[in-house]
Amino acid sequence: MKFAKKTVLAGLLAGAMGMPLAAGASPIPVTGMALTLGGILKTIGLVADLATLFGLADDDSGSDSITIRASGDATHFDLRIRGTAVDDTTTTKLTGMLFGQTALPGGGTGVVNLWSFNLDMRFLSVQDRLIFNEEVLVNGDLMHEIGPHASDAVQGPPLGFNLRVNADDAKGGVVVDTDPILDMLHPIKHTDELSLARLRASTDTGITVDEIADWDLTLRAIHIPEPSTLAMLLGGVLVLAGLPGLRRP
């Protein structure tokens with residue numbers, strides 16, 4: 001009966017954590033992004049350079065190269081945007097949708113939206129502005145666009161953030177700003193958590209000006225079961241583990 005006990009426990013734990021109970025039931029993985037910048041929509045895979053993708057002019061991108069990279073699935077969101085030196089004063093508004101693919105009942109596959117985000121990225125450069133310290137400011141929000149569990153609403157709440165790095169605040173050539181972890185109810189019994197919102201920059205300090213040599217934005221979120229639901233399910237695991245038919249012979 002030892003094998004039977006392990007099988008029952010594994011199945012109940014998987015269900016409690018929102019993990020698959022069988023092959024093929026795992027969370028839908030992120031396979032691509034639909035990005036909109038300046039009214040232009042582009043559908044891509046998991047990585048791209050925004051300046052190249054949207055044909056941004058040299059004086060209209062904030063940095064000459066801005067790389068965006070996404071990963072995750074129906075319950076996890078991971079986005080990283082990295083830029084080279086700040087050399088333009090500008091504001092870039094970027095919206096995106098992370099999507100995956102799922103099997104259709106009648107055969108074939110369909111696209112399903114998983115997570116969305118909205119970003120306002122503001123760059124202040126000493127190259128074209130009368131300032132002594134360069135800055136990058138990013139604010140916006142992200143949203144869960146799918147209810148991965150049976151009782152979930154289709155959309156979760158917007159998870160907002162507001163980040164700022166100023167080259168004058170650097171210590172050891174690095175400046176970092178993070179927002180606190182943010183938990184919000186995804187109706188009706190689950191929670192969406194913004195687990196990491198971080199903006200980091202490397203700096204070059206001169207005699208009169210402090211410049212940003214490179215910067216990166218990291219956003220992570222997760223969809224988690226309601227704690228009471230998880231505790232109840234785990235409690236059921238312990239009860240079943242004590243049943244006579246499941247005890248070790």
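Which side chains does a polar contact of 3.5 Å join? The side chains are those of Ser 202 and Arg 200. A polar contact here is a pair of N or O atoms within 3.5 Å; within protein, one must be able to donate a hydrogen and the other to accept it, and residues adjacent in sequence count only if both atoms are side-chain atoms.

A word on the source. This is a predicted model: local features need pLDDT of at least 70, side-chain atom pairs count only at pLDDT 80 or more, and totals for chains, interfaces and linings use all residues. Residues are numbered from 1 along each chain as its sequence is written, and side-chain values use heavy atoms, with hydrogens and water left out.

Start with the whole chain. It holds 3 helices and 13 strands. Helices (H or I, at least four residues) and strands (E, at least two) are DSSP runs, numbered from the N terminus. The protein chain has 249 residues, and 38% of them are buried. Buried means under 20% relative accessible area, exposed means over 50%, and partly exposed lies in between (1.4 Å probe, protein chains only). The accessible surface comes to about 12700 Å², with 58% of it belonging to carbon and sulfur atoms. These areas come from the Shrake-Rupley method with a 1.4 Å probe; for residues, only the protein chains shown count as cover. Now take contacts, meaning heavy atoms within 4.5 Å. Among those between residues at least 6 apart in sequence, 59% join residues at least 24 apart.

Next comes an open sheet. Its 6 strands have the order S2-S1-S6-S7-S8-S9, with antiparallel pairing. Strand S2 (40-44) and strand S9 (159-166) are the edge strands, each pairing on one side only. Neighbouring strands of this sheet are turned by 20° against each other on average, direction ignored. Axes are lines fitted to C-alpha atoms, for helices over the stretch in contact, and angles run from 0 to 180 degrees between N-to-C directions. Two strands pair if DSSP finds at least two bridges between them. Strand S8 (residues 135-144) pairs with S9 in the antiparallel sense over 8 bridges. Within this pairing, Leu 137 stands opposite Arg 164 in S9. Strands of a sheet pair through backbone hydrogen bonds, either parallel or antiparallel.

Follow the chain past S9. Asp 168 sits in the loop between S9 and strand S10 (174-178). Asp 168 is partly exposed, because its relative accessible area is 47%. Beyond residues up to four places away in sequence, Asp 168 touches Asn 133 and Asp 210. The C-alpha atoms of Asp 168 and Val 209 are separated by 8.6 Å, although the two are 41 residues apart along the chain.

Strand S12 (residues 190-205) is the next stop. S10 and S12 run antiparallel, joined by 5 bridges. Thr 178 stands opposite Arg 198 in S12. S11 also pairs with S12 in the antiparallel sense, over 5 bridges. Here Asp 183 stands opposite Glu 193. A hairpin through 3 residues joins S11 to S12. Ile 188 lies in the loop between strand S11 (182-186) and S12. A cis peptide bond joins Pro 187 and Ile 188, with omega about 10°. Most peptide bonds are trans.

S12 has a further partner, strand S13 (residues 210-225). The two run antiparallel, joined by 15 bridges. Leu 194 stands opposite Ala 221 in S13. S12 and S13 form a hairpin with 4 residues between them.

Back to Ser 202, in strand S12. Is Ser 202 buried or exposed? Ser 202 is buried, because its relative accessible area is 16%. Not counting residues up to four places away in sequence, Ser 202 touches Gly 173, Glu 211, Ile 212, Ala 213 and Asp 214.

Last, the aromatic rings. Rings of Phe, Tyr and Trp (its six-membered ring) pair if their centres lie within 6.5 Å; planes under 30 degrees apart count as stacked, over 60 as edge-to-face and the rest as tilted. By this rule there are 3 aromatic pairs. The rings of Phe 77 and Trp 115 have centres 5.6 Å apart and planes at 50°, so this pair is tilted. Phe 77 lies in strand S5 (residues 76-83) and Trp 115 in strand S7 (residues 109-124), so the pair ties together parts that are 38 residues apart in sequence. Both Phe 77 and Trp 115 are buried. Together with Phe 117, they form one aromatic cluster.
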